[in-house]
Amino acid sequence: RNAENHGKGYTVRQGVLAATGRYVLFTDADLSAPIEELTKLLDIARNEGADVVIGSRAVDRSYIERRQSRLRETGGIVFNLMVRVLLGLRLHDTQCGFKLFDRQRSRRIFEKQTTLGFGFDPELLFLAKRYGLTIRETPVRWSHAEGSKVRFLSDGLRMFLDLVRI
(Lines give C-alpha, C1' and ligand atoms only; values in the text may rest on other atoms or scores of the structure.)
Protein backbone atom coordinates (compact mmCIF):
# COMPACT_ATOMS: atom_id res chain seq x y z
CA ARG A 1 0.00 0.00 0.00
CA ASN A 2 1.08 3.54 -0.70
CA ALA A 3 0.14 6.48 1.50
CA GLU A 4 -0.53 8.47 -1.68
CA ASN A 5 -0.91 7.72 -5.37
CA HIS A 6 2.50 7.90 -7.03
CA GLY A 7 1.40 6.10 -10.21
CA LYS A 8 1.20 2.57 -11.56
CA GLY A 9 4.88 2.46 -12.50
CA TYR A 10 5.90 3.42 -8.97
CA THR A 11 3.70 0.75 -7.42
CA VAL A 12 4.88 -1.99 -9.79
CA ARG A 13 8.49 -0.98 -9.10
CA GLN A 14 7.97 -1.17 -5.34
CA GLY A 15 6.30 -4.58 -5.62
CA VAL A 16 8.98 -6.07 -7.82
CA LEU A 17 11.80 -4.77 -5.63
CA ALA A 18 10.09 -6.31 -2.59
CA ALA A 19 9.45 -9.67 -4.30
CA THR A 20 11.37 -12.77 -3.27
CA GLY A 21 10.41 -15.47 -5.80
CA ARG A 22 12.42 -16.71 -8.79
CA TYR A 23 9.99 -15.02 -11.18
CA VAL A 24 7.86 -11.93 -10.78
CA LEU A 25 4.64 -11.43 -12.74
CA PHE A 26 2.78 -8.20 -12.89
CA THR A 27 -0.73 -8.23 -14.21
CA ASP A 28 -3.49 -5.66 -14.46
CA ALA A 29 -5.83 -5.76 -11.47
CA ASP A 30 -8.83 -6.43 -13.73
CA LEU A 31 -7.18 -9.66 -14.97
CA SER A 32 -7.74 -8.71 -18.62
CA ALA A 33 -5.26 -11.48 -19.36
CA PRO A 34 -6.46 -14.50 -17.37
CA ILE A 35 -4.01 -15.72 -14.75
CA GLU A 36 -4.00 -19.14 -16.48
CA GLU A 37 -1.91 -17.50 -19.23
CA LEU A 38 0.96 -17.42 -16.72
CA THR A 39 1.93 -20.99 -17.62
CA LYS A 40 2.62 -19.85 -21.19
CA LEU A 41 5.03 -17.15 -19.97
CA LEU A 42 6.69 -19.46 -17.45
CA ASP A 43 7.25 -22.14 -20.11
CA ILE A 44 9.06 -19.61 -22.31
CA ALA A 45 11.13 -18.29 -19.41
CA ARG A 46 12.17 -21.80 -18.37
CA ASN A 47 12.54 -23.51 -21.75
CA GLU A 48 14.13 -20.62 -23.65
CA GLY A 49 15.99 -18.99 -20.76
CA ALA A 50 14.18 -15.68 -21.33
CA ASP A 51 14.76 -13.01 -18.71
CA VAL A 52 11.60 -11.09 -19.61
CA VAL A 53 8.46 -12.55 -21.20
CA ILE A 54 5.69 -10.17 -22.18
CA GLY A 55 2.13 -11.02 -23.03
CA SER A 56 0.92 -9.51 -26.26
CA ARG A 57 -2.41 -8.61 -27.78
CA ALA A 58 -0.80 -7.69 -31.09
CA VAL A 59 1.21 -10.78 -32.05
CA ASP A 60 -2.03 -12.62 -32.79
CA ARG A 61 -5.19 -10.53 -32.42
CA SER A 62 -7.39 -13.65 -32.58
CA TYR A 63 -6.59 -14.10 -28.87
CA ILE A 64 -8.54 -10.93 -28.06
CA GLU A 65 -11.89 -12.02 -26.66
CA ARG A 66 -13.36 -8.55 -26.05
CA ARG A 67 -11.87 -5.56 -27.84
CA GLN A 68 -11.28 -2.01 -26.63
CA SER A 69 -12.92 0.89 -28.42
CA ARG A 70 -11.55 1.54 -31.90
CA LEU A 71 -10.02 4.81 -30.65
CA ARG A 72 -8.11 3.13 -27.82
CA GLU A 73 -7.00 0.21 -29.98
CA THR A 74 -5.75 2.57 -32.70
CA GLY A 75 -4.04 4.72 -30.06
CA GLY A 76 -2.24 1.64 -28.75
CA ILE A 77 -1.07 0.68 -32.23
CA VAL A 78 0.25 4.21 -32.85
CA PHE A 79 1.96 4.29 -29.45
CA ASN A 80 3.71 0.99 -30.15
CA LEU A 81 4.90 2.33 -33.50
CA MET A 82 6.40 5.30 -31.65
CA VAL A 83 8.08 2.90 -29.20
CA ARG A 84 9.59 1.02 -32.12
CA VAL A 85 10.88 4.20 -33.79
CA LEU A 86 12.03 6.17 -30.72
CA LEU A 87 13.37 3.36 -28.53
CA GLY A 88 14.34 0.77 -31.15
CA LEU A 89 12.28 -1.95 -29.47
CA ARG A 90 11.07 -4.52 -31.98
CA LEU A 91 8.07 -5.55 -29.88
CA HIS A 92 4.44 -5.54 -30.97
CA ASP A 93 2.72 -4.69 -27.69
CA THR A 94 4.65 -3.02 -24.88
CA GLN A 95 1.49 -1.96 -23.01
CA CYS A 96 -0.17 -5.30 -22.30
CA GLY A 97 -0.30 -5.51 -18.52
CA PHE A 98 0.94 -9.10 -18.29
CA LYS A 99 4.71 -9.40 -17.95
CA LEU A 100 7.01 -11.94 -16.33
CA PHE A 101 10.53 -11.18 -15.14
CA ASP A 102 13.37 -13.31 -13.84
CA ARG A 103 13.60 -11.45 -10.53
CA GLN A 104 17.37 -11.53 -10.04
CA ARG A 105 18.34 -10.82 -13.65
CA SER A 106 15.74 -8.04 -13.97
CA ARG A 107 16.23 -6.30 -10.63
CA ARG A 108 18.63 -3.75 -12.12
CA ILE A 109 16.05 -2.44 -14.60
CA PHE A 110 13.54 -1.78 -11.81
CA GLU A 111 16.24 -0.05 -9.74
CA LYS A 112 16.97 2.24 -12.72
CA GLN A 113 13.30 2.87 -13.62
CA THR A 114 12.31 6.55 -13.43
CA THR A 115 8.87 6.56 -15.10
CA LEU A 116 6.22 6.40 -12.41
CA GLY A 117 3.00 6.63 -14.43
CA PHE A 118 1.36 4.48 -17.10
CA GLY A 119 4.28 4.87 -19.53
CA PHE A 120 6.71 2.82 -17.44
CA ASP A 121 6.56 -0.37 -19.55
CA PRO A 122 8.62 0.92 -22.51
CA GLU A 123 11.28 2.21 -20.13
CA LEU A 124 11.61 -1.19 -18.45
CA LEU A 125 11.84 -2.94 -21.82
CA PHE A 126 14.34 -0.35 -23.12
CA LEU A 127 16.51 -0.91 -20.03
CA ALA A 128 16.19 -4.68 -20.40
CA LYS A 129 17.45 -4.43 -23.97
CA ARG A 130 20.24 -2.05 -22.95
CA TYR A 131 21.45 -4.47 -20.27
CA GLY A 132 21.36 -7.44 -22.63
CA LEU A 133 18.41 -9.25 -21.09
CA THR A 134 16.56 -11.71 -23.30
CA ILE A 135 13.03 -10.49 -24.07
CA ARG A 136 10.35 -12.73 -25.59
CA GLU A 137 6.82 -11.78 -26.61
CA THR A 138 3.95 -14.23 -26.78
CA PRO A 139 0.25 -13.91 -27.56
CA VAL A 140 -2.08 -14.15 -24.58
CA ARG A 141 -5.82 -14.35 -24.27
CA TRP A 142 -7.07 -10.91 -23.38
CA SER A 143 -10.48 -9.36 -22.77
CA HIS A 144 -11.12 -5.64 -22.33
CA ALA A 145 -12.63 -4.72 -18.98
CA GLU A 146 -14.42 -1.40 -18.51
CA GLY A 147 -13.16 1.01 -15.89
CA SER A 148 -9.63 1.77 -17.10
CA LYS A 149 -8.01 4.66 -15.27
CA VAL A 150 -6.00 5.66 -18.37
CA ARG A 151 -7.23 8.96 -19.78
CA PHE A 152 -6.70 8.77 -23.51
CA LEU A 153 -5.52 12.33 -24.24
CA SER A 154 -3.75 13.49 -21.08
CA ASP A 155 -2.12 10.16 -20.22
CA GLY A 156 -1.36 9.52 -23.90
CA LEU A 157 0.50 12.83 -24.14
CA ARG A 158 2.37 12.13 -20.90
CA MET A 159 3.34 8.66 -22.19
CA PHE A 160 4.62 10.17 -25.45
CA LEU A 161 6.70 12.69 -23.49
CA ASP A 162 8.06 9.81 -21.39
CA LEU A 163 9.18 8.09 -24.62
CA VAL A 164 11.03 11.22 -25.71
CA ARG A 165 12.67 11.51 -22.27
CA ILE A 166 13.71 7.83 -22.28
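Buried means under 20% relative accessible area, exposed means over 50%, and partly exposed lies in between, with a 1.4 Å probe and protein chains only. The model is predicted: local features need pLDDT of at least 70, side-chain atom pairs count only at pLDDT 80 or more, and totals for chains, interfaces and linings use all residues. Residues are numbered from 1 along each chain as its sequence is written, and side-chain values use heavy atoms, with hydrogens and water left out.

**View 1. L31 has a positive phi without being a glycine.** The phi of L31 is about 55°. L31 sits in the loop between β1 (23–27) and α2 (38–48). Helices (H or I, at least four residues) and strands (E, at least two) are DSSP runs, numbered from the N terminus. L31 has a relative accessible area of 44%, so it is classed as partly exposed.

**View 2. An open sheet has four strands in the order β1-β4-β2-β5.** Pairing in this sheet is mixed. Two strands pair if DSSP finds at least two bridges between them. Strands of a sheet pair through backbone hydrogen bonds, either parallel or antiparallel. The edge strands are β1 and β5 (135–139), each pairing on one side only. Neighbouring strands are turned by 15° against each other on average, direction ignored. β2 and β5 pair in the parallel sense over five bridges. In β5, P139 is the bridge partner of S56.

**View 3. Strand β4 (residues 98–102) is largely enclosed by the rest of the structure, because five of its five residues are buried.** In a regular strand the side chains alternate between the two faces of the sheet. From β4, F98, L100 and D102 point one way, and K99 and F101 point the other way. β1 and β4 pair in the antiparallel sense over five bridges. β2 (residues 52–56) and β4 are also antiparallel, over three bridges. K99 is the bridge partner of F26. I54 stands opposite K99 as well.

**View 4. D102 lies in strand β4.** Its relative accessible area is 6%, so D102 is buried. A polar atom of the D102 side chain lies 3.3 Å from the backbone nitrogen of Q104. Leaving aside neighbours within four places in sequence, D102 is in contact (heavy atoms within 4.5 Å) with R22, Y23 and D51.

**View 5. The largest nonpolar core has 24 residues.** A nonpolar core is a set of buried Ala, Val, Leu, Ile, Met, Phe, Trp, Tyr and Cys residues joined through side-chain atoms within 4.5 Å. V52, L89, F101, I109, F110, L124 and L125 touch the most other members. Elements giving two or more residues to this core are α1 (8–18), β1, β2, α3 (70–87), α4 (103–112), α5 (120–130) and α6 (152–165). The largest share, six residues, comes from α5. Beyond neighbours within four places in sequence, L125 is in contact with V52, I54, L89, L91, T94, K99 and I135.

**View 6. α1 and α4 pack at an angle of about 145°.** Their axes are 10 Å apart. Axes are lines fitted to C-alpha atoms, for helices over the stretch in contact, and angles run from 0 to 180 degrees between N-to-C directions. The crossing is left-handed: the near helix is turned anticlockwise from the far one by less than a right angle, whereas clockwise is right-handed. V12, R13, V16 and L17 of α1 meet R107, F110 and E111 of α4. α4 also lies across β1, β2 and β4, running at about 110° to β4.

**View 7. α3 and α5 cross at roughly 35°.** Their axes come within 12 Å. α3 passes α5 in a right-handed crossing. F79, V83 and L87 of α3 make the contact with P122, F126 and K129 of α5.

**View 8. D60 is placed in the loop between β2 and β3 (64–66).** D60 has 30% relative accessibility, so it counts as partly exposed. The D60 side chain makes a polar contact with the side chain of S62, at 2.6 Å. A polar contact is a pair of N or O atoms within 3.5 Å; within protein, one must be able to donate a hydrogen and the other to accept it, and residues adjacent in sequence count only if both atoms are side-chain atoms. D60 and H92 are 32 residues apart in sequence and 9.8 Å apart in space, C-alpha to C-alpha.
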